[in-house]
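Please look through the sequence and the model below before reading on.

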Amino acid sequence: MKTAPRYLNRIWAGFWYLILSFFAVALALPLVWLVSTSLKTGGQTFLMPPKWIPDPIVWTNYPDAFRAVAFHEYFWNTARIVFFATAGTLLTASLAAYAFARLRFPLREPLFLLVLSTIMLPSIVTLIPTFIVFRTLRWIDTFLPLIVPLWFGGGAFNIFLFRQFFMTIPLELDEAARIDGASNFRIYWVVILPLSQPVLATIAVFSFIHHWNDFFQPLVYLQSPENWTMAIGLLGFRDLYSTQWNLMMAASTAMILPLLVLFFFAQRYFVSGIQMSGLAGR
Amino acid sequence: MQTLVTSWRRRQRNLLWTECRDGYLFILPWLLGFLIFTVGPMLASLYISFTRWEIVTPSVWVGHAQYAKLFSDDRFWLSLYNTSYYVFIGVPLHLFMALLAALAVNMNLRGIHLYRTAYYVPSLTPVVANSILWIWIFHPEWGLANAFLEWIGLGGLYWLQDPRLAKPALIIMSFWSIGGQMVILLAGLKGIPVTLYEAASIDGANWWGRFWRITLPLLTPALFFNLIIAIIGAFQVFTQAFIMTDGGPNYATLFYLLYLYRSAFENFRMGYASAMAWVLFVIVLVFTIVQFRLSDRWVFYEGDLRQ
């Protein structure tokens, strides 16, 4: 293979950096615009062409937005839903995945195919009867409809991810423990789960994001404002302050910020989760 | 000796029995969930779709009347058209941009991970915050989109107020979050063995040849997976239209799920909404099956090298 002269390589690299940077700036602009607006005075939001750096910088937009509606309550509600839904997901999805990956039982393969096929099921087809069942149980306007289903398998895709990971653990470990008289549950709990911290963390992170961002389910199931999640609360805020763009952007930033913090601290779990879901295409 | 063998056999059978019992015990939560939250509700919604039911009144069996009403409802067809527009124009464009982005951030350049982060982060924003941000960006007087158009010397547009522009505006907005698909495709690119490229280079293949004969074929499984998931997701587009346009202007963004939601939870027409849900299910199912059938022609799995 011919190698290009070094200066030519440099020019190419420069060209690519230019293109990459152009798109990076284009994608960053909405976020910059969001934060910039959130720090402006009301009057400064209505300027054309827009001012990118607010003058003065109004930090008090944030406490103002938080005082305007009960965001601390929404935050607390969302945190509880996220916690209990994630716990159920981790436990029941990993249990099922352990069986699918490491135990032999009749109909294992067809049942796992069933798991995979539900990934492609549009959730809307089950919505109305599920709503009616929860209504009969008097669970509407409680967190239970958002939590309890996750304790029954925790989502097909998560079972798939757990199984992918469990299959990489050598079977000899199970056999050694079995010879020592350990039950299957004990093997799952003492041998497999401690070795599975990366996949547990990955699924916890993605479950957090899913429930933090979820809009449709809370919209259907939560009614009174004291039960709202952040997502519904933000919408309620919009209905009250629809012309105060600086406050709305401050509230939106407050909802995005925890995700960014999570991303920067748990980046490697994002990467591993994505690599594993990339496997789904194989 | 004889007793030893039988006891060993018995023990072996016991172990197998235990494994089988535990297997079913471990998948029991999922199995119950599958019956309670998937199979049961699916059958129930099929039944409800053959009734008239407003929740407070008892349900009345009406046969296929809901479906007949559905197929003669102009608004149903409009919502199906709007959704198809979003699916068949938005999803391919979105996937194409994600592919370009994945190829770009797969380059071997110093500091490339910073670009990866920059391209990925917008896709993390919750759809509600996203929608509120983009109402502001598309604001006809003070928004960023029109500020940009004026900056390059063009006039501003009524993005979300013009029925012709509302759907394209939502598609443009979706480009902002290509990051999610980009990273899955990137993982696919990383999975392509370097040796293939080396062999191709020795054979004298240029950049385009390597892309066309190695990268793209080996990426087709990831592209296929993304396409399926994206199409199923896009058929259920809801939040943007619910928050940003409320289905307007002039029903231009009345998407299928929005119309279903209104039928069920604002008008309490449970039979009608269930019929809609089943029609959507059948549409999505047919599309998924067709795509799997067609995938033989363009998706390339390692290990089944065709002659």
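## Model and conventions

This is a predicted model, in which local features need pLDDT of at least 70 and side-chain atom pairs count only at pLDDT 80 or more, whereas totals for chains, interfaces and linings use all residues. Residues are numbered from 1 along each chain as its sequence is written, and chains are lettered from A and ligands numbered from 1 in the order in which they are written.

## Contact between the chains

In chain B, 74 residues are in contact with 74 residues of chain A, contact meaning that C-beta atoms, placed from the backbone, lie within 7 Å. On the side of chain B that touches chain A, helix 1 (residues 2–48) of chain B gives the most, with 20 residues; helices are DSSP runs of H or I with at least four residues, numbered from the N terminus. That side of chain B divides into 60 nonpolar, 12 polar and 2 charged residues, where Ala, Val, Leu, Ile, Met, Phe, Trp, Tyr, Cys and Pro count as nonpolar, Asp, Glu, Lys and Arg as charged, and the others, Gly among them, as polar.

## A helix pair across the chains

A:I124, A:V125, A:L127 and A:I128 in helix 5 of chain A meet residues in helix 13 of chain B that include B:M270, B:W278 and B:F281.

Notes. Contact = placed C-beta atoms within 7 Å. Helix = DSSP H or I, 4+ residues; strand = E, 2+ residues; numbered from the N terminus.
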